[in-house]
Amino acid sequence: MANILVAGGAGFIGSHTVLALHEAGHHLVVLDNLSNGSSENLLFGELIVGDIRDGALLDRVITDHEIKAVIHFAASIEAGESVKDPMAFYANNVGGSLSLIESMVRNGVRSIVFSSTAAVYGQNEEAETLSEELPKKPINPYGHSKWMVECMLKDTAATGALDAISLRYFNAAGGDPEGRIGERHDPETHLIPLALDAARGARNEVKIFGTDYDTPDGTCIRDYIHVSDLADAHALALHQLLDRQDPSSGQTKAGYYDAFNLGTSRGHSVRDVMNTAKKVTGIDFPVIEDTRRPGDPARLVADATRAKSELKWSPDRSDLTTLMEDAWRFRRTLGN
Ligand code: UFG
């Protein structure tokens, strides 16, 4: 088992991955500036509060803790914000990743798993499901910044300096099945937590952003993926990269790079999500039809065939009812 640096590990997906890696026996060192994350999300691991743009700090953390691999979640994530302040997104997401990659190479850390996103595909609406080789056409600075980091990793891997896997998440949701941690953003903009907030009376209603899309019920379709399934995918990707470090594995020193979609290949409309939230909570909260939110593609559904066959990943908790039950288990415990 290895010492792993989890950059941005105090956020939603990071903290669930820390849980999974702890259970797999790894020692976790979490570096997080707590701009989005919270120490409350961390049940295990050692938290160092700091920024990945601080190269000297990174060098110290990597050498002091004898880090063998990195999982990189540290980023600004709200697509709408990225349109208003692109430079802040490029500074944090691209500048931060460059600083992290440079420190890894300086200190001989060979393996990195990177948090990417379905937003790299942008508007590819002609495709029923999105496969990895489709053109990358991000429609906002957030998507651009993630795609730029993927390019940086691929180019650096090609020099032989490191091995990297990018994981392109579709719509992360759900929460720890035991209800210990869950989804919490400030401000909250994601559909499922907002619906559950309406159910628990923490807000008056949920708005459906657009009912005139070219979809069967007129609302947007997304591929919702359980955060524990995402966490498992990180563990599988990490182990694949760590195996390459083992001299007895027969791997050559050449760098390796690949990117995988993480989704279920099933789409659910906004109305489906509302109905499931009402069924799971048993509460009939008010839903109001509103106009479209700018920048929302009608349909984003993964072709996740390669993650299943090559990473041996199976997203077992991602059916919408299980995912909603797990999200509700945590959300209902929050104070109003
Ligand atoms: N929606 C509503 N009402 C709301 C909030 C959302 O109708 O109050 C709709 C949106 O218009 C969209 C769907 O619900 O059609 C899902 O919206 P979310 O805000 O929950 O998630 P997004 O699909 O916008 O984005 C998420 C992540 C991105 C990531 C993307 C990949 O936030 O970082 O999934 O699919 F890139």
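Which element gives the most to the shell around the ligand? I started there. β8 does, with three residues. I took helices (H or I, at least four residues) and strands (E, at least two) as DSSP runs, numbered from the N terminus.

**Ground rules.** I am working on a predicted model, where local features need pLDDT of at least 70, side-chain atom pairs count only at pLDDT 80 or more, and totals for chains, interfaces and linings use all residues. Residues are numbered from 1 along each chain as its sequence is written, and side-chain values use heavy atoms, with hydrogens and water left out.

**Ligand shell.** I looked up the neighbours next. There are 21 residues around the ligand, and T117, N171, K207, R293 and D296 come nearest. A residue counts as near if one of its heavy atoms lies within 4 Å of the molecule. I sorted the shell by class: 13 residues are nonpolar, four polar and four charged. Here Ala, Val, Leu, Ile, Met, Phe, Trp, Tyr, Cys and Pro count as nonpolar, Asp, Glu, Lys and Arg as charged, and the others, Gly among them, as polar.

**Polar contacts.** I used pairs of N or O atoms within 3.5 Å. The side chain of D296 has an N or O atom 2.5 Å from a ligand oxygen. For the side chain of N171, the distance to an oxygen atom of the ligand is 2.6 Å. H190 places a polar side-chain atom 2.8 Å from a ligand oxygen. I then checked cover: on its own the ligand has 690 Å² of accessible area, and the protein covers 89% of that. The areas come from the Shrake-Rupley method with a 1.4 Å probe. Two elements give two or more residues to the shell, α6 (191-199) and β8 (206-209).

**Helix pairs.** α6 packs against helix α8 (residues 270-281) at about 40°, with the axes 10 Å apart. That makes the two oblique, a class left over after under 35 degrees (roughly parallel), over 145 (roughly antiparallel) and 65 to 115 (roughly perpendicular). Axes are lines fitted to C-alpha atoms over the stretch in contact, and angles run from 0 to 180 degrees between N-to-C directions. I then took α2 (residues 55-64) and α4 (residues 86-106): the angle is about 45° and the axes are 9 Å apart. α2 and α4 are therefore oblique too.

I found a cis peptide bond from D186 to P187, with omega near 0°. P187 sits in the loop between β7 (171-173) and α6. E66 is not a glycine, yet its phi is positive, about 45°. I placed E66 in the loop between α2 and β4 (69-72).

Conventions. A polar contact is a pair of N or O atoms within 3.5 Å; within protein, one must be able to donate a hydrogen and the other to accept it, and residues adjacent in sequence count only if both atoms are side-chain atoms.
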